[in-house]
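Please keep the sequence and the 3D view open while reading.

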Amino acid sequence: MKSPLTNTLLYISITGLEIQSFAQYPSFMYHAFRSMAQAKITPGIISADSRTINGVQHTLTAWKSRKDMLAFYRSESHVEAMKAFSRIASRGKVFSYESENIPSWEEAREIWEKNGREYKGGRGGGGGGGAAA
């Protein structure tokens, strides 16, 4: 599916993170809810979904362009979530790319696992992950 307005490729972003512990889950949910709500109203969004697969919290978003995704990436709610990453997650991976199609969740998980750029969380992990590829 090409972007409906520009007839160009879609920009797909697949993220996943593993929460450090059950104690971090409320903080994760706070940031996840705010970030997903922001993504769904950011201009240029085509699709935004989240899912837990094998204990990993994933997002799958499709955008009209990389520029549109970066506007979300720089939004307040997403920046706050990235700052909290090292306190919440033990690790995360991100992969973004252009495509004519939005992948199924099965395809997205395979693409993410094979191509994702890994970020370490936890103490001393540096933190900060993100969706800008």
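**Strand 3 and its surroundings**

Strand 3 is mostly covered, with seven of its eight residues buried. The model is a predicted one. Strand 3 pairs with strand 1 and with strand 2, and strand 3 also gives residues to the lining of the largest pocket.

**Strand pairing**

- Strand 1 and strand 3 run antiparallel and are joined by seven bridges.
- Within that pairing, I12 has A62 of strand 3 as its bridge partner.
- Strand 2 and strand 3 are also antiparallel, and their pairing extends over eight bridges.
- Opposite D49 stands L60, a residue of strand 3.

**The turn at N54**

- Strand 2 and strand 3 form a hairpin, and two residues lie between them.
- N54 is in the loop that separates strand 2 from strand 3.
- The phi of N54 is positive, near 50°, although N54 is a residue other than glycine.
- N54 counts as exposed because its relative accessibility is 68%, and the cut-off for exposed is over 50%.

**The largest pocket**

- The largest pocket holds about 700 Å³ of space.
- Its lining is made up of 35 residues, and those nearest the centre of the pocket are T15, L17, F28, A32 and T59.
- Helix 1 supplies the largest share of the lining, nine residues.
- By class, 18 lining residues are nonpolar, 15 are polar and two are charged.

- T8 belongs to the segment before strand 1.
- T8 counts as partly exposed because its relative accessibility is 37%, which falls between the cut-offs of 20% for buried and 50% for exposed.
- In sequence, T8 and E100 are 92 residues apart, while in space their C-alpha atoms are 7.8 Å apart.

**Points to check in the viewer**

- Which residue of strand 3 is the bridge partner of I12? The residue to look for is A62.
- Which element gives the largest share of the lining of the largest pocket? Helix 1 does, with nine residues.
- Is N54 buried or exposed? N54 is exposed, at 68% relative accessibility.

Terms used: Residues are numbered from 1 along each chain as its sequence is written. This is a predicted model: local features need pLDDT of at least 70, side-chain atom pairs count only at pLDDT 80 or more; totals for chains, interfaces and linings use all residues. Side-chain values use heavy atoms; hydrogens and water are left out. On a 1 Å grid over the protein atoms alone, a cavity is a set of points where a 1.4 Å probe fits but cannot get out, and a pocket is an open set with protein on both sides within 12 Å along at least five of seven lines; lining residues have an atom within 4 Å of a point. Grid points are joined across faces, edges and corners, and a volume is the space filled by probe spheres set on the points. Helices (H or I, at least four residues) and strands (E, at least two) are DSSP runs, numbered from the N terminus. Ala, Val, Leu, Ile, Met, Phe, Trp, Tyr, Cys and Pro count as nonpolar, Asp, Glu, Lys and Arg as charged, and the others, Gly among them, as polar. Buried means under 20% relative accessible area, exposed over 50%, partly exposed in between (1.4 Å probe, protein chains only). Two strands pair if DSSP finds at least two bridges between them.
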